Amino acid sequence: MPKIIVEVMPKADLLDPQGKAVGNSLKRAGHNVTTVRIGKRIELHFDHTPTEADLEAAKQAAADFLSNGVIEDVVNVTVEA
């Protein structure tokens with residue numbers, strides 16, 4: 001099913017408590033990681049191949065509705081077949 005993928009991450013300069021907790025757990029388990037950041041992936045499914053207009057509308061929706069501009073950045077909006 002064709003879809004548009006929206007990826008949202010916490011702003012780089014803000015604390016990511018979920019990422020910090022996971023990072024600490026990974027370190028305790030012996031994994032050599034320095035930082036973990038946790039975001040969200042939103043899938044917008046279509047019954048047709050998304051057009052350029054669909055992609056632009058998804059970018060606008062990502063900025064307006066799918067992310068909180070105060071604490072999050074939309075980092076990627078792509079079409080996936």
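Colleague: Which residues make up the largest nonpolar core?

Modeller: Nine residues do: Ile4, Val6, Val8, Ile42, Phe46, Leu55, Ala58, Ala62 and Val77. A nonpolar core here is a set of buried Ala, Val, Leu, Ile, Met, Phe, Trp, Tyr and Cys residues joined through side-chain atoms within 4.5 Å; buried means under 20% relative accessible area, exposed over 50%, and partly exposed in between, with a 1.4 Å probe and protein chains only. This is a predicted model, in which local features need pLDDT of at least 70 and side-chain atom pairs count only at pLDDT 80 or more, while totals for chains, interfaces and linings use all residues. Residues are numbered from 1 along each chain as its sequence is written, and side-chain values use heavy atoms, with hydrogens and water left out.

Colleague: Which residues of α2 are buried?

Modeller: Asp54, Leu55, Ala58 and Ala62 are buried in α2. They pack against β1, β2 (40-45) and β3 (72-80), contact being heavy atoms within 4.5 Å. Helices (H or I, at least four residues) and strands (E, at least two) are DSSP runs, numbered from the N terminus.

Colleague: What order do the strands have in the sheet?

Modeller: The order is β2-β1-β3, in an open sheet of three strands with antiparallel pairing. β2 and β3 are at the edges with a single partner strand each, so one side of each has no neighbour in the sheet. Strands pair if DSSP finds at least two bridges between them; β1 and β2 have six.

Colleague: Is aspartate 13 buried or exposed?

Modeller: Aspartate 13 is exposed, at 68% relative accessible area, and lies in the loop between β1 and α1 (17-28).
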